[in-house]
Amino acid sequence: MWNPDVYRQFQAERDRPFFDLVAQLPVFQPVLVTDLGCGTAHQTATLAERWPQAQVTGVDSSAEMLEQAPALPNLRLVQADFSRWTPGAPQDLLFSNAALHWIPDQHALIPRLAGLVAAGGVFAFQVPGNFTAPSHLLLAELQNEPRWQGRLATEAGPASLNPLDYADLLTPLGFQVNAWETTYLHLLHGPDAALNWVRGTALRPVLARLSPGDAAEFEAEYGRRLRAAYPEGPSGTAFSFRRVFVVARRTS
Ligand SMILES: C[S@@+](CC[C@H](N)C(=O)[O-])C[C@H]1O[C@@H](n2cnc3c(N)ncnc32)[C@H](O)[C@@H]1O
């Protein structure tokens with residue numbers, strides 16, 4: 001279950017890649033726009049405001065996130081799994097920020113989604129590329145220890161590809177691809193800042209598989225390891241976060 005309040009704790013840091021992605025969109029006037037994994041849709045609302053003539057759809061599987069969405073005349077919300085959802089017509093802009101990585105088989109997902117883009121349309125997305133960062137490695141390490149392994153071992157977790165791999169997937173499908181990566185240096189503040197960050201994302205599905213008592217024990221141990229890996233310095237807790245971006249235009 002997604003918790004919008006926990007997720008929103010680092011709103012400015014989580015919004016930054018959204019606006020960096022939007023900055024690379026071509027100057028165009030899309031009519032049909034979809035935001036996959038829109039969450040609370042506050043970012044989606046900025047797309048609806050940018051193109052008031054467009055019909056903007058936010059798709060998300062979480063009722064808790066969608067409940068927080070703002071109301072706008074040209075924004076509609078659909079509760080669905082985007083790996084199966086199909087729009088009524090090809091989209092001029094198929095957009096997604098920080099969501100597509102929740103489907104581990106990117107080689108299947110990306111071509112399927114590309115097929116939903118109209119001729120001349122744009123497929124633009126950003127996914128985390130930090131799955132070998134200490135935050136993820138420490139989580140996997142703890143999950144695989146004997147205390148937890150029986151209940152938590154080896155479900156395929158979130159995944160993403162490198163920029164060139166996305167380009168190689170999309171170019172043969174008739175897209176002109178602009179793909180890049182950025183590592184953000186987030187300087188987080190307050191105690192247990194790294195733990196608070198992952199509470200909103202990667203830790204959430206792990207704890208959901210445990211009883212409340214076990215979840216508290218797991219989180220306490222994971223937090224201890226995170227504090228050692230991400231010590232607080234004079235500028236705050238340095239939390240590096242690599243992200244991968246793709247803006248692909250269908251040219252044929
Ligand atoms: C990290 S949040 C990002 C939300 C928003 N795009 C943002 O950047 O603030 C990921 C969102 O993707 C949604 N999500 C994950 N897997 C999904 C799926 N298969 N279908 C639909 N939504 C999904 C979650 O419910 C969550 O709201």
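A residue is called buried when its relative accessible area is under 20%, exposed when this is over 50%, and partly exposed in between (1.4 Å probe, protein chains only). The views show a predicted model, in which local features need pLDDT of at least 70, side-chain atom pairs count only at pLDDT 80 or more, and totals for chains, interfaces and linings use all residues. Residues are numbered from 1 along each chain as its sequence is written, and side-chain values use heavy atoms, with hydrogens and water left out.

**View A. Gln106 in helix H5.** Gln106 counts as buried because its relative accessibility is 1%. Gln106 belongs to helix H5 (residues 106-114); helices (H or I, at least four residues) and strands (E, at least two) are DSSP runs, numbered from the N terminus. Leaving aside residues up to four places away in sequence, Gln106 touches Leu100, His101, Pro111, Ala159, Ser160, Leu161, Tyr166 and Leu169 (contact: heavy atoms within 4.5 Å).

**View B. The buried residues of helix H3.** In helix H3 (residues 42-50), Gln43, Thr44, Ala45, Leu47 and Ala48 are buried. The buried residues of H3 pack against helix H2 (11-22) and against strands S1 (32-36), S2 (55-60), S3 (75-79) and S4 (91-97).

View C. Among the 18 residues around the ligand (a heavy atom within 4 Å), Gly37, Asp60, Asp81, Phe82 and Asn97 come nearest. A ligand nitrogen atom lies 2.9 Å from a side-chain N or O atom of Asp81. A backbone N or O atom of Asn97 is 2.8 Å from a nitrogen atom of the ligand.

Terms used. A polar contact is a pair of N or O atoms within 3.5 Å; within protein, one must be able to donate a hydrogen and the other to accept it, and residues adjacent in sequence count only if both atoms are side-chain atoms.
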